Amino acid sequence: MAPRIVYNEHLTAGDNIRLLELKQGRTGSPLVARLHSVSLSTCPVYEALSYTWGDCFDSDHPSWKMYQSRLLEYRMRVHRSVIPITRNLHDALQQLRYPDRSRSLWVDAICIDQEHQEEKAYQIGHMRKIYGEAAQVLVWLGPADTDSSVALWVLRAGYRYHLRTQPLTKLGALRVDNPCPDSAQEVEDEMVTARFGQLFGMQVRGGYGLPKYPIEAIANTFSRSYWARGWCWQEFVVPRKVTIVCGEVVLEHGDQCMQVFMATWDRLRQEMGRQPHRLDHRPWPMTELRHSYHNKKYLQDTGFQDSPELVTPEGQELWPIRAQENPNATPFAKAWMFRDARNRLLMKNLLAESNLSWLETSRQDDQVYALVGMSTDAEKLGIVIDYSVPWEQVYAKISIAYLERGDLWCLHHCLGSVRPRSSRLPSWAPDWSKGFRGAMVSMHYTPPRDHLGTSYTGGLQDKPVQLGSLRLSLKGILVDEVRWVSEQRPTRYSGDGGEAHTRCLLALWLQSIGGEVGSRHTPREVWTTLIMNATRLPVPSGRTGPEETQTPKPNEKTLEQEAQEEEARRSKLDKAFYQLLRHNPQRADRASDEIWNHILDKYENYSDTSKLAHALQNMSSARTMDDVLESFEWCLLEAMNFKRFFETKDRRIGVAHAGIGVGDRIAVFASTTAFAIRPVYLTSEKPRHRVMCECYVRELMEDQDLKANAKAEDIILE
């Protein structure tokens with residue numbers, strides 16, 4: 001048995017915590033420390049460490065092999081015990097140790113008795129306060145590699161540029177046409193920002209000959225293991241100050257440096273209609289949640305009282321706006337910021353974000369418990385950190401708590417086909433220990449207000465009747481049955497020639513869909529279904545300079561003008577889809593050529609190809625069409641990630657998660673999308689079903705005739 005620390009007492013009551021006093025020492029010398037107990041009410045001065053207990057690199061990270069070649073056993077002395085620690089913690093303490101004085105740290109793995117479940121649960125319940133009252137939280141990303149120093153350098157440069165030009169910024173994002181710099185560092189910062197703009201294809205004044213922006217270095221830093229650890233969310237979100245440490249490089253206000261980068265990235269991607277590089281998205285929600293948490297905390301601390309009389313719009317992105325920087329904001333603006341932050345911090349939204357981020361925890365129940373400290377409604381839901389409760393019961397309890405309130409959001413996250421799945425977890429309760437593969441239908445598709453799933457349609461009810469621990473009855477409409485399912489969308493290839501190879505496979509996949517449904521559905525019906533009718537894609541507007549684009553107010557456009565703009569947008573995407581379909585993948589056999597021509601003939605029956613060819617030849621800018629095609633292809637790949645195209649017996653077409661199968665039924669509950677449910681035990685008096693996944697069925701939720709005549713029935717889910 002490995003040696004362990006002998007703790008003198010168990011901290012299961014009050015506000016006492018243990019602090020690790022890390023003794024001074026030279027680099028490479030043995031780590032020596034002692035533990036002592038303090039009360040948070042005495043306002044002790046300490047720093048908290050946020051890190052990942054395991055390796056700091058995943059196996060697919062470029063630096064993983066270099067890191068694996070190091071020693072495997074590391075130890076440190078705490079009091080009279082010599083205990084084993086992981087190399088990542090060893091590296092962090094070696095780097096953070098002062099050479100001439102002790103350093104007071106809070107390190108979860110050492111300051112909490114991990115073998116005492118009662119203390120562990122109690123201390124975890126106080127982690128929000130522990131991290132929130134620390135002088136700063138040190139985010140340890142791991143040792144330096146060939147990219148990390150460059151990545152942190154450009155993040156710092158972008159943040160400095162933001163601070164210098166803040167009066168000219170928009171929602172915390174950078175611009176590239178600010179006043180001339182006054183010092184060598186300001187010149188350097190402006191060059192970094194200009195290179196960032198060029199990455200998106202912007203024409204930057206005086207930008208000729210600038211070196212390439214090191215986006216690969218940013219990508220590698222964002223893909224480190226730290227961003228995938230479940231507990232790191234709370235540790236990153238709650239603190240007053242975050243300092244990022246990677247090797248010997250220290251990035252103070254690292255969260256704000258990242259926020260400026262992310263806000264600029266998102267704005268340029270939206271304006272230019274293209275994504276120049278794929279980045280791990282997990283740092284994004286961490287930064288957004290941190291911003292929301294502190295907006296809410298600041299407004300509460302300054303005495304803001306929300307009122308229902310303050311009516312605020314919905315659906316507006318607010319996370320780059322800092323409440324602390326706007327102390328004189330109007331009550332309306334404060335209410336908007338407060339409600340936006342409160343909504344982001346609901347347990348259901350935290351679980352949804354963490355599920356899409358594939359966060360990792362050593363225990364299944366920690367997928368929930370790691371979020372409790374940030375949640376605004378965990379207490380109302382009755383979530384208590386208790387490691388004696390089976391994790392399946394924890395998951396089911398959350399679903400029931402929301403279902404009893406008439407909120408069916410949990411059904412959207414159910415993936416009945418993902419294995420292995422515990423037999424003690426019902427299909428209507430998501431398995432939060434399994435990350436959600438691909439994008440959710442409900443994130444792409446926005447139904448009209450009077451959609452089929454409104455609670456007053458044909459007797460639909462949003463509150464289920466529980467028939468036991470694993471079974472419930474819910475009012476729903478059985479609409480149709482799946483007749484045919486396509487192959488899964490081809491995988492995106494990277495590396496040399498990867499883009500061309502991906503487009504070839506995508507063309508063949510689209511042809512296979514056209515061969516099955518092309519005689520019954522037009523090309524526009526197919527591609528709008530593939531992207532779940534989310535036609536507001538980032539189609540480039542042709543912007544080439546840094547000037548701001550003035551967005552007209554809604555009342556400045558007539559409905560006819562908006563319809564014309566939407567049709568022009570769809571026409572551009574018609575051409576992009578046709579180009580994807582016509583892409584020649586250099587087939588080697590004549591049989592494939594015959595299939596290709598046969599499918600194209602079917603599609604050409606629905607379009608005047610001579611006019612289309614004329615239009616393509618007379619595009620004002622070939623580059624503009626290339627951008628539209630690139631943007632459309634990227635959005636299609638994202639929307640159809642881990643999904644399949646299907647057709648029902650009544651010739652409806654739709655898309656759903658890859659787990660959908662022939663024979664699954666399409667059901668509508670009091671929610672915004674349809675669902676695929678799989679029948680089981682049909683011989684019983686009341687058939688039972690398992691929830692497989694949410695799905696998009698073209699024009700189903702908009703079908704007013706079906707809505708007028710639909711009659712809901714009891715559907716038993718287990």
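Author: Start with confidence. The mean pLDDT of the protein is 81, and 82% of its residues reach 70 or more; pLDDT is the predictor's confidence in each residue, from 0 to 100. This is a predicted model, where local features need pLDDT of at least 70, side-chain atom pairs count only at pLDDT 80 or more, and totals for chains, interfaces and linings use all residues. Residues are numbered from 1 along each chain as its sequence is written, and side-chain values use heavy atoms, without hydrogens and water.

Reader: Over which residues does pLDDT stay under 50?
Author: Residues 168-178 are one such stretch. Residues 585-623 are another. The model has 43 contacts beyond four places in sequence for 585-623, a contact being heavy atoms within 4.5 Å.

Reader: Why is helix H8 called mostly covered?
Author: Buried means under 20% relative accessible area, exposed over 50%, partly exposed in between (1.4 Å probe, protein chains only). Seven of the eight residues of H8 (215-222) are buried, so the helix is mostly covered. Among them are Ile215, Ile218 and Phe222. Helices (H or I, at least four residues) and strands (E, at least two) are DSSP runs, numbered from the N terminus.

Reader: What makes strands E12 and E13 a pair?
Author: Two strands pair if DSSP finds at least two bridges between them. Five bridges join E12 (residues 643-648) to E13, so they pair. They run antiparallel. Phe646 stands opposite Gly654 in E13.
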